[in-house]
Structure formats: C-alpha cells, structure tokens
Amino acid sequence: MRTGNAAAYGELYQRHVAAARALARQMVKGDAEVEDVVAESFTKILDLVGRGGGPEAGFRPYLLTVVRRTVYDRSRVESRAVTTGEIELFDPGVPFVDPALSGLEQSMIAKAFLSLPDRWRAVLWHTEVENAKPADVAPLLGLSANGVAALAYRAREGLRQAYLQMHLATAPQQACRPVISKMGAHVRGGLARRDSRVVDEHMGTCAECRSVFLELTDVNRGLRVVVGPLFAGPVFAAYAAACAKGGSVAGGASAFRQLGKLRHLRRLPKHQQAAVAGGTAAAVAAAAVLMLVSGEEKARKAPPQALAPSVSHLPPPPVVEQQEVRPTPVPPTTTPTAAPPPPPRARTGAARLSATIDPLGSLIRAHPGIVGLRLRNEGHGASKPVVADVDLPPGVTLVPAAHRGQGVAAVAPVGTVDGWSCRPRVGGARCARGPLAAGRATAVFLRVVVAAHAPAGVAPAVHIQSGDQQVRAKAMAGVRQAGAPARFATDGKVVVRAVGNSLLSCAGDRDGCGDALARKGDRRDNDLWSMRSRDDDREATTKVSSGARLQLPQAGQVVWAGLYWSAASAAGGPIKFRAPGRKEYLNIRPEEVLVRDLPSGPGYQAYADVTALVANASKRKGMWWAADMPMREGVSQYAGWSLVVIATDPAQPYSQAVVMDTATVVGGQNGMIALPLGGLHATATPARAELVTWEGDADLGGDRVSLGDGPLTPRGGDRDRDNVFDSSANGAEGLTFGVDVDTVEATLGTDPMLRLATKKDVVLFGVAAVSVPARS
C-alpha cells in the first residue's frame, strides 16, 4: 500500500470495511452518512500514507480511530466550530480519546498495550478485543492459523511483562517489588512451590499486589474493558456485537465493489497504481535493520531492567506450526520520492552509492530548519540495506515525532519518506531503509531546531553503511547568522505553485481608480490612495474578501500547502479560507506571526499549514477565497494573502523542491539581501521560483531579483525585470495593491543564491518556493 499499489489498498479495504461500517453505524444515522464517513476515513488514511504517515501494522484499530475522528470533525464542521489545527489531526499517533472516557489512556493496561510492537497489538486486537478466530485473522497477518495462535500467546506474555514493568516503574513499596517481579511466572504456574507460597502469603495482606495478580490472570478482560473503548469509544460494546453478528474480520466480495466510493483513489498517478511488492519489502527491511541496530546500541547502554520485553525472554509458546507468508520481492517501481527505475534489462553488477547532505535553505540561530540527506546508486546492481548515521552541528537538535508508545521516540521526516525510518541518536539521527536499486535515488529530510547559541560554521555530516560499502559526506555550510530557514522540502515528480490577492483597493468611484486597477496611469501606489476594503465574494457572512484561481495537476496529489497573509498592522490573527466548490469558510488560526517595522509602521506575516484542507479539496482547479483577516483601511495601508502548494505531477521530471519563509525588510538601509538556496543542486534545466512579497509599489522601480547571473523577468504584471514588485499576483487579475506573488525562472549556479534588491521601494519579503529538476 505504501508504494501506491491500488490493488493492495483494495485488499485492505475489503478486509476492514465491514468493521468501519459497524462502528460508523453506532455514531451516525442513515446509510448514506455511514458510507460517507467510511469512504472519507479510508481516503484520509490513503492521503496520510502518501505523505509518510498512517499505520504500520495494526490497520484495524488505526482505522477505527480515524472513523471516530472523522465523525467528530464532520459534526464540528457542520457547527462551524472547526479550525485548521483541528482538521489536520487525522493522523492518530495516539488514540482519539472521547471526552466521556477521559483518563482511560492513562490506565496501566492501556499504557502497556500501547508500548507493545505494532504486530503484537494487531494480533491482540483481533483475537482478544474483537474475539476473532485465529483462522479468520491469519490472512490479515500473513500467518497460518497456528502461527496466529503462537503470536497471540507471545503477545499476551509481552503484555503481562510490559504491565509489570509499568508497575515497577511507579516505585511500589519495597516489600512489593520482589513479589511483582515474580508475578508473571506465578500467573503461568512457573514458580517453585516455595516461591509461590511466598507470593500467595504476600497477596493475602497486600491489596495492591492482589489487584495486579487479578489483572494479569485476565488480561483479555482488561483488553476488552479498557483497550476496546480506547480505540472504538463509548460505543465499543455495540460495535463488538455488530462485528460478531456481521463477521467483520474480512469483508465479503461486495466490499471490494464498494472501493469505487473512494473518490480520491482514482486520482492517483498511474505509476502509483502499479501492483508491486518490492517497495513494501524494502520498508520492512529498513525497519528491521533500524530496530536491530538501535536495539543493539540500546542493549549496550541500558541496564537489564530498563529493557522492553523481548521475545527471547518469554516462556516457550505451545508447540504449533508457525509459517509466515513472505511476499516474493520484485524490483521497486517509481514512487513520488524515487527516481525513475533502470531499464528492465539493466545488466547486473555491484552497487555504487554516492551521498550528499545539506541544510535546506539555511540553518538560522533560534529558528527551526531542515537537513536533507540524498542517496544515489550509480552502480549496476542493487545495494544492501542502508543505515545512515547523521551528525548534526552543536546546538542543532532533531524534532521528534509524536510518541507512539514504541519505547523509543521516532523522528518525523519531512514530506514523503520513501521507505526510510529514523530514530534519534546522540548528536544526530540514525536512519535506515531497504536496498536501493541500481540507477535510483532516494532522499530523507529531517526537521531540526537551531539553538540561539549554536556556533556558526559547523556543518552536518553523514556516514552511510550498506553491506561492505561505506560512504561519507559533509555539507558545505552549517549554521548561519542570516538567511531563510526551510519550512518544507521534498524530492520527487513534484511542482510548486503559488497564488494570492489583495484585500484592500482604491475606491471604485474615485477618479483614476479604474485606470490604476487596469495597471494604467501614474497612481498605482497605495501611498496615493485611501485604501478601502474589497468584498468580492458577495457573501453576507464576510466583510472583506478576495479570490485567486489555482490549477493543480489533475493526476497529482498535494504534498504540502501553506497559507500566508500579511497587513500593515502589529496584530496578526485568524483568517477565513474557502476551497473551490465549498459554500462555507473555515476559520484558520496562524501557527506563526512575525512582525517587522516598515516606513509606514509595523507589518506582520502570518502562516498556517493547510495541507489537509487543500489535499481534501474536491476540485484541482478553481477559485480559492480568503476573507476577514486583521487589517486596517487608510492611506499607505496594504493587506493580502497567498497560498503556496507543492503537488505531485507524474508528467514532470524528478525534481528537488524547498519552501523557505522569512519576513525580511528589503530597501532603505538594507537595499539588497542574499538568501542561500542550500540543498538545491545545479543542473542545466532552469529552476522555478514562486516569490511572495508584501508592500511593493508598481510606480516605484528599481526592484530586481536574481537566482544566479543577472536580473530575472517575472511572468506576470508589467513583466519588467527592473520593477519586479509591481503589485501583481498569480491567480488574480489587475493591480493587487501591496501584494506580489511572482514566478521567475533561471539556471542555478554551483552555489545557488536568491538575491533581492530595491532602490526606491521598501518591501517585506515573505516566501520563496523553489523547484529544480534533478540531474538524470
């Protein structure tokens, strides 16, 4: 499924759709609403997996969490109470706890369950929580029925040991510690008679230990009473009854026919719908390598009692046949993050790896940033599984993913992950993936935070090991004092697009306003007008509004989307935003607000991640609307917005893309700024840059932009390379007072640099979204 195999996703849908319907029927009314919730839930998981999120092994409990989250969010959308931050919590790193069950996730049995490996949690969910037969669960786990029974036995013992470890971690009374440490063996009848008598005598006078014993003897009940509602909510009893009645472990043939209801699935690029197993095998291999290496490293450092329960420490299972079905490996096909595969008849031979590591944009003190690792196999044979140790500069630390109860916090790679799995290590990260085929490239991007005291100049480095082959690489640049940090980065068949519009204009009944809006005359400057709010959507629910037309690849998927808005004010706040074809606006709260001093007073730039909103839009082409943001009317005022998007496009070449944002004043004493484009490698094919700038005046010339050699001519507006910031915006018509969303193209040099200069004007530069085709 993670490689874009539509047939594999159809199989998952077939197996689990009946369970999704059983839960949805307990929460919403009407068959139509049930089907909408189920289809939306499966579609969200597909989108999440396409961006590197989603479940790893336990699909069923993950699906139930998404169903509940979907119902919850749909009800809040209907009540107009949803903000962007809430909409985007579709990827449940932890269970979605119903307010009526608040605190359930803090129980010992819940914590113990969440600490288990995904595969153990999956088998316990199906066999103990849903009470399914091993023969019915076998196809879901790739095992025989006897294999499922053996795995369930080990998982139950692992749950007991994890439960005991939780109790020991709570520092029980000294007299209880030796008893609790023997409790697991006592439950199984594995203690000597003398030790059993000691434990029994202690429990006779200790209510706490007696409670632990009772929990251990019936962990199945704890799973049903605690873990079941944790994932399925207060309606778990009704859901379990519906599952038992309808047989929801694996749906029937009719379920597969319902796959057509997943509207977004048919929009996948055709290369993502190829039936392959190699990518999945590669991801499994990467996870295995990473767990082996990190486990050995942890074992050397941690005391025995700190180690998580291990299969080797458990008692032997019943003597049963356990045959795990393994897919036959085939060469991986192209994914959004992988370079084109070699020709089918490429001759075999040895792998030859080359690597680069770079900060994307710049690593700036006291700011977040991104470090990118790129790997290419230039040989004639597939490599061995890859392990990469990334060394970060002093004062630069990783941003971990949300804790998933795995014992070690994961690192959250940016964008698509192409089979990589990453974990923190001292001074950096350890990342792993499966073999890399000949002629293919791969990339992984790590989000970091730079401390205010981080020393300048020290660059990140990486040591890569693949079988007997070792590769080292070091970046050319480290922490800088100035520049623009990267907000997002990815590699693949992607395109970058940006649109926007202003929210202030001259009064239409004033002489000369019509000429100015048509880009005529000599009054195309907000300093020459008392700016007034515009309200173009003709909706009674908005006071100020404007739209911009955006067209995305019809066969592509949205990888990332950011909304930016700015005005001549010191107080940034929420903005209303509406997708094409929607009737109602959503209230978007800023995740970041930066304020700078301009000649006319303070100005702010606000940002919010709207990836989920744009990805789930029903139309790839249409008008996006923004409304009612914090702003002021009057002379010299400006206000506007911009939507920046990265999307896949199978018709485009494999490219590198990065979004850098900043709020930097250009002009006056700071007439020129230079922003390093770290992590973008020069090729003969021109790069494309989408630039978002605020407070530019069309009547003030001397504005220039360069990506290398010489000034560039923008695609829109007056198309004057000596007056780039001329109040023109992609997706909008006419003059857009104080708002510039421009597109420029140029061939990058060996040390790419974005230079912006102005002689007469003073502008607030906001965003640079750059894409460049990678070398073949």
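Visitor: Which residues touch the most other members in the largest nonpolar core?
Guide: This is a predicted model. Its largest nonpolar core has 59 residues, and strand β32 (residues 763–773) gives the most to this core, with eight residues. Those that touch the most other members are Ile646, Leu707 and Leu754.

Visitor: Which residues does leucine 707 touch, not counting residues up to four places away in sequence?
Guide: Contact here means heavy atoms within 4.5 Å. With sequence neighbours up to four places away left out, leucine 707 touches Leu677, Ala689, Leu712, Val744, Ala746, Leu748, Met753 and Leu754.

Visitor: How many residues are in the other core, the one with Phe577 and Trp624?
Guide: This core lies apart from the largest one. Ala626 and Met629 are also among its members. The core has 43 residues.

Visitor: Is glutamate 128 buried or exposed?
Guide: The side chain of glutamate 128 meets that of arginine 156 in a salt bridge, at 2.6 Å from N to O. Glutamate 128 lies in helix α6 (residues 118–129) and arginine 156 in helix α8 (residues 145–169), so the pair ties together parts 28 residues apart in sequence. A residue counts as buried under 20% relative accessible area. Because its relative accessibility is 8%, glutamate 128 is buried.

Visitor: Which residue forms a salt bridge with aspartate 389?
Guide: Aspartate 389 is in strand β4 (residues 386–391), and its partner is in strand β8 (residues 428–433), 41 residues apart. The closest N and O atoms are 2.6 Å apart, and both residues are buried. The partner is arginine 430.

Visitor: Which residues are linked with Arg519 in a network of salt bridges?
Guide: The count of salt bridges comes to 22. In the network, Arg519 is linked with Arg524, Asp699, Asp718 and Asp726.

Visitor: Which residue in the turn between β10 and β11 has a positive phi?
Guide: Strands β10 (residues 461–466) and β11 (residues 469–474) run antiparallel and are joined by six bridges. Serine 466 stands opposite glutamine 469. The two strands form a hairpin with two residues between them, and the one with a phi of about 65 degrees is glycine 467.

How values were computed
Residues are numbered from 1 along each chain as its sequence is written. This is a predicted model: local features need pLDDT of at least 70, side-chain atom pairs count only at pLDDT 80 or more; totals for chains, interfaces and linings use all residues. Side-chain values use heavy atoms; hydrogens and water are left out. A nonpolar core is a set of buried Ala, Val, Leu, Ile, Met, Phe, Trp, Tyr and Cys residues joined through side-chain atoms within 4.5 Å. Buried means under 20% relative accessible area, exposed over 50%, partly exposed in between (1.4 Å probe, protein chains only). Helices (H or I, at least four residues) and strands (E, at least two) are DSSP runs, numbered from the N terminus. Two strands pair if DSSP finds at least two bridges between them. A salt bridge is a side-chain nitrogen of Lys or Arg within 4 Å of a carboxyl oxygen of Asp or Glu.
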